[in-house]
Amino acid sequence: MTYLHSIGEYFLMLKGVFGRMTKGSVLRNLIFKEINELIMGSLGIVAFLSFFIGAVVAIQTALNLNNPLIPKSLVAYAARQSVILEFAPTFISIIMAGKVGSFITSSIGSMRVTEQIDALEVMGINSKNYLIFPKITAMLTYPFVIAISMFLGIAGAYCAAVFGGFVTSDQFLTGLQDDFNGFHLTYAFIKTFLFSFILATVPAYHGYYMKGGALEVGEASTTSFVWTSVVLIITNYFVTQLLLS
């Protein structure tokens with residue numbers, strides 16, 4: 001019953017987010033602020049992880065190609081498929097659940113603890129719209145981050161495979177173009193849009209409805225990361241089943 005109550009409360013929160021809107025000029029400033037904090041502030045860690053995980057995928061694939069009948073270009077093919085289908089949209093989103101999700105939960109939770117949310121309500125401001133809507137809108141630019149992750153993941157695979165002496169540059173580029181299916185990119189970005197909404201709303205829910213003091217803010221951030229990851233993985237399963245099966 002607790003889970004059903006939480007799910008119902010989450011959807012009621014979403015209804016409130018898109019209810020009475022805050023003044024447009026105020027929302028615009030809040031959205032740009034959230035883009036800077038949530039998206040631009042995450043580019044560094046995303047770029048670092050993407051490049052080196054792409055490199056690791058290429059090296060592991062190359063080291064396991066022991067059969068001389070298997071073309072070396074398969075290294076690039078495997079790296080491309082891994083990065084586009086799962087690594088960039090899903091693995092990076094799990095990382096973002098820890099970084100962005102915890103930030104959203106702790107920032108809203110701190111406002112709840114210090115009664116700033118109550119003050120907004122007293123002033124006649126829709127606190128759900130004021131606090132959560134800018135985060136949802138800012139996270140709509142999240143596919144831009146995933147596009148960068150895909151590019152850097154493949155770039156890392158290229159550097160590791162070619163400069164590591166596993167394949168030639170021509171072999172890598174041949175494998176990169178081999179049997180390319182454009183729908184895989186569409187599938188990846190559909191997932192990413194859904195993930196961006198989850199990354200904005202699930203942590204916001206845990207922050208908005210938390211109770212207690214400073215210690216509970218930390219606990220809410222941990223719980224937020226766990227449940228955001230769970231929802232991301234379940235969503236990933238159903239989207240994959242619907243679009244690729």
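Residues 187–205 are 100% helix and 0% strand, with the end C-alpha atoms 27 Å apart; helices here are DSSP runs of H or I of at least four residues, strands are E runs of at least two, and both are numbered from the N terminus. Over residues 144–167, the chain is 83% helix and 0% strand, and the end C-alpha atoms sit 30 Å apart.

The model is a predicted one, so local features need pLDDT of at least 70 and side-chain atom pairs count only at pLDDT 80 or more, while totals for chains, interfaces and linings use all residues. Residues are numbered from 1 along each chain as its sequence is written, and side-chain values use heavy atoms, leaving out hydrogens and water.

Helix H9 (residues 183–208) holds Ala204, which is buried at a relative accessible area of 0% (buried is under 20%, exposed over 50%, partly exposed in between, with a 1.4 Å probe and protein chains only). Setting aside neighbours within four places in sequence, Ala204 is in contact with Met13, Ile104, Ile108 and Ile132, contact being heavy atoms within 4.5 Å. The C-alpha atoms of Ala204 and Leu131 are 8.5 Å apart, although 73 residues separate the two along the chain.

Aromatic pairs come to 11 in the structure; rings of Phe, Tyr and Trp (its six-membered ring) pair if their centres lie within 6.5 Å, with planes under 30 degrees apart stacked, over 60 edge-to-face and the rest tilted. Tyr10 and Phe11 make an edge-to-face pair, 5.3 Å centre to centre with 75° between the planes. Tyr10 also pairs edge-to-face with Tyr205, the ring centres being 6.2 Å apart and the planes at 80°. Tyr10 and Tyr205 are both buried, whereas Phe11 is exposed, at 52% relative accessible area. Ring pairs join Tyr10, Phe11, Tyr205, Tyr208 and Tyr209 into a cluster.

Then there is helix H10, which includes Ser221 and Val226. Ser221 is buried at 12% relative accessible area, and, beyond neighbours within four places in sequence, touches Ser102, Thr105 and Ser106. Val226 is partly exposed, at 42%.
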